[in-house]
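Have the viewer open while you read.

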Amino acid sequence: VITRRRFIGWSALVALGSTSGCGLARFIGDFGSHVAMPGDSIRTPEERLVLRVLDRFGYGPRPGDVARVAALGVDAYIEQQLAFDSIDDTSSWWRVRRVETLSLAAEDLFAVTDAEAVSDLRCGTLVRAVYSDCQLFERMVEFWSDHFNIYGEKEGCGRLLVVHDREVIRRHALGQFNELLRAVLTSPAMLVYLDGATSTSGNPNENHARELLELHTLGVEAGYSQTDVREAARAMTGWRVRPHWRPGSSVFEPRFHDDGEKTVLATPYEKGLGSSDVERLVASLCANPTTIERLAAKLCRRFVAPDPSRELVKRVANRLAASGLNIRDALREIARSPEFAAAPPMIKRPYSFAISSLRALDAATDGGRGLQDAIRKLGQLPFSWPTPDGFPDDAKDWEAMLPSRWAFAHDLASGRIAGTRPDERFVDDAQLAATALVHRILEPFEVDAIGSQSSGTGSLSLLLSMPAFNFQ
Amino acid sequence: MNNQNTLVVISLRGGADGLNILVPYKDDNYYAARPTIAIPRPGAGGASAIELDDTFAMHPSLAPLHTVYERGEIAFVHAVGWPSESHSHFEITDEIEAGQPGSERPRDGWLARCLATRRRSARPPLTSVAFAATLPRLLEGETGVLAAEALPPHLVAPDRAEDDSLKRAIRGLYEKDRMLGPVATRALDAWEAVRNALDSMTTSSAVSRYPKTRFGEQLRSVEALLRAEIGLEAASLELHGWDTHIVQGGVEGGMAERLDELARALDAFAASDAGILERTTIVVMTEFGRRVAENGGAGTDHGRGTAMMLLGPRVRGGRVYGEWPGLAASALSGPGDLAATSDVRDVLAELVAVEFGDRAVSIAFPDYEARKGIGCFA
């Protein structure tokens with residue numbers, strides 16, 4: 001039982017601890033044992049930047065991470081994260097390996113139902129977000145899953161989405177945007193989601209073409225016409241999802257393709273190009289400065305601020321253009337920018353709120369039904385956004401859901417989320433939890449509020465609920 | 001503002017089969033197209049459709065509502081549909097709730113925009129509730145809305161004393177936050193209103209009338225909120241299970257059970273001794289109807305035209321509205337669907353005009369140009 005007096009006493013301890021003990025935390029952090037140490041508290045502007053990097057380019061620090069990354073240096077950490085394929089990610093690998101669906105070949109996925117496939121994919125996504133050391137990579141998987149949103153519950157999408165996530169999104173998440181866009185364009189899951197799979201030369205379906213221009217590349221304000229949409233739809237006809245014996249791949253079937261002359265966005269396409277119509281379409285959209293600027297702006301909005309400065313967007317766009325749309329180069333530009341360091345606090349989206357709480361509290365989770373239901377109640381379960389525009393970036397859109405975070409916080413603290421449990425030490429010791437979650441000495445009014453609780457569960461749920469932990 | 005009724009929108013998710021809800025019992029095409037799932041003609045012996053007029057009879061599961069219909073408090077509109085060729089649940093649902101067809105639709109919902117047109121002397125902490133796991137598009141953009149699958153007696157913790165204590169503490173933690181402070185305070189105030197309503201409900205004798213299902217509980221909660229007179233202006237409810245691709249059933253079976261649940265809950269609401277229905281307008285709608293012909297799995301695939309139901313004192317009830325296109329092969333739309341001779345917005349526009357004023361119609365449905373007067377509201 002925590003009395004208010006004892007709590008205030010502990011608060012003073014944080015102040016003491018924050019001046020020493022950093023080395024010990026680093027030592028322990030290096031061995032992967034997660035104990036919140038006084039070194040997790042933030043004292044200097046450099047450490048504040050470390051916390052921001054961990055919060056925004058990852059899903060928040062685990063105990064010991066702040067000190068570890070501070071010792072390494074932010075730039076070196078970002079480089080490490082960008083070179084994700086040389087990170088030893090054993091801790092998430094062996095956990096995800098147990099979700100067999102995720103490694104099934106496309107033709108073997110028929111062993112599971114669409115609903116099981118989506119549930120397993122969500123499980124893998126959550127487990128990786130919580131445990132993976134490739135945090136920036138997982139963040140970018142989330143970014144692209146929003147940008148190229150596919151609704152997991154749409155009929156026929158579930159199994160295909162497993163293949164899509166593995167072979168399209170994860171393969172290109174930190175690669176080249178043009179290659180990613182090309183892969184998405186004929187990905188079976190996207191063909192089914194946006195009805196491209198039934199588009200024919202006589203009756204081209206405009207749905208996919210419209211979203212390609214509006215959401216995936218140029219943006220609705222780019223000034224293209226309905227004719228451009230129709231012409232793009234003609235260029236995209238002919239791609240079919242292979243039948244059940246090879247469901248994870250698509251095939252170009254000339255008899256469904258409109259092979260006539262076309263003009264898309266003022267570029268003529270001669271007749272008879274066949275399947276290379278889409279190659280030309282991708283190349284022209286990727287060369288278009290509007291696409292590049294829009295992508296740069298979206299990255300800046302996600303990682304820096306809801307209204308990033310024009311100069312920053314321009315610099316990131318230039319970097320993208322100069323590197324042939326290299327995603328790593330764009331991220332490096334953002335991470336090293338003074339705008340990133342000086343950006344105001346941003347409200348976490350509900351998913352980040354949930355994952356960062358599990359990481360900070362060193363929680364054990366199976367990523368299963370319990371956690372999925374809890375995150376669905378927050379409004380942001382992966383692959384549950386029905387429309388092609390993806391989960392909104394704007395904090396305003398999430399405000400009505402604020403109370404659901406308080407309930408999540410209490411459910412997590414009191415062990416009500418099946419299959420997920422925070423480390424007991426954070427329930428027993430509010431002081432330790434405060435350091436792990438908000439990394440600073442609490443203000444007197446915060447101490448008053450949290451000290452009003454007679455149980456560790458109550459204190460912990462308030463620490464998770466408080467504004468400080470809801471910003472990044 | 002005593003001329004202001006609470007608007008309750010009940011969405012039958014999945015695409016409800018209007019042809020088995022309002023049966024065109026004199027049309028032989030109907031019986032020919034549905035050899036195993038058709039609803040027998042009125043008076044056919046056993047469970048059969050309930051005659052409403054010369055053309056239509058309603059599903060026997062709706063029997064509890066027959067007297068309300070005869071009292072003139074229920075109207076139906078048949079062969080109504082959304083102006084979009086899509087047969088996708090989520091796309092049509094999203095378009096309907098945004099109030100606009102096509103991909104360039106507003107972010108917020110038509111009902112949220114209507115609520116925003118109201119001038120109030122004092123804004124109630126809780127203008128609306130959405131019974132759903134996440135806020136539906138319909139009410140997106142409304143600040144005084146609460147989204148939850150049920151109104152549990154607690155916001156944060158199941159134990160009442162702990163819940164109160166945590167809410168007090170959360171209020172203190174958020175008070176000074178410039179960005180989230182106002183949102184948090186509004187949400188806490190709204191829950192206080194809910195709590196008071198629920199406390200008064202447990203002492204009310206009305207509780208036993210409702211079916212003991214999630215939907216029944218939700219409609220019962222609407223009654224409780226109305227009884228508490230906290231200024232509730234709108235509610236959104238969802239009833240799932242209408243996507244009857246296989247084994248739809250006829251007078252019995254899955255769809256009949258859903259209709260029975262709907263009818264008993266609405267009947268309980270209409271029978272409230274507190275005169276709740278007198279202060280309410282209810283619309284029951286769905287994203288689309290289903291194919292006229294049953295498929296090989298004794299079910300029906302996604303279609304187009306379907307039926308809507310309206311309840312309340314402002315409804316000119318006891319009638320079935322809409323221009324009936326018939327079920328002859330030449331009259332069908334797309335792959336064999338009941339044609340939509342009325343736009344969903346034809347009905348909703350009249351509803352919005354009655355509840356929010358003429359001015360609100362173009363705000364609710366920006367692209368809509370009134371084409372058809374249905375005349376279903378007084």
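Predicted model: local features only at pLDDT ≥ 70, side-chain atom pairs only at ≥ 80, totals over all residues.

Residues are numbered from 1 along each chain as its sequence is written, chains are lettered from A in the order written, and side-chain values use heavy atoms, with hydrogens and water left out.

**Chain B**

Chain B has 11 helices and 12 strands (DSSP runs, H or I of at least four residues for helices and E of at least two for strands, numbered from the N terminus). Its C-alpha trace spans about 70 × 45 × 40 Å along the principal axes. Of its 378 residues, 61% are buried, meaning under 20% relative accessible area with a 1.4 Å probe, protein chains only.

**The interface**

Here 36 residues of chain B are in contact with 42 residues of chain A, contact being heavy atoms within 4.5 Å. The buried area is about 3200 Å², with carbon and sulfur atoms giving 67%; that is the accessible area (1.4 Å probe) the two parts lose on being put together, summed over both. On the chain B side, F90(B), L173(B) and L180(B) lose the most area, together 21% of what that side buries.

There's one salt bridge between the chains, and it pairs D389(A) with R107(B). A salt bridge here is a side-chain nitrogen of Lys or Arg within 4 Å of a carboxyl oxygen of Asp or Glu. Elements giving two or more residues to chain B's side are α4 (89-98), α6 (160-174) and α7 (181-202), and α6(B) gives the most, with eight residues.

**Salt bridges**

The whole structure holds 62 salt bridges over all chains. Some of them:

| Pair | Closest N to O |
|---|---|
| D389(A) and R107(B) | 3.8 Å |
| R349(A) and D146(A) | 2.6 Å |

Salt bridges that share partners join D389(A), D94(B), E95(B), R105(B), R107(B), R137(B) and E140(B) into one network.

Over in chain A, R349(A) is buried at 7% relative accessible area, and D146(A) is buried at 5%. E142(A) is buried as well.

Notes:
Buried < 20%, exposed > 50% of the residue type's maximum accessible area, 1.4 Å probe, protein only.
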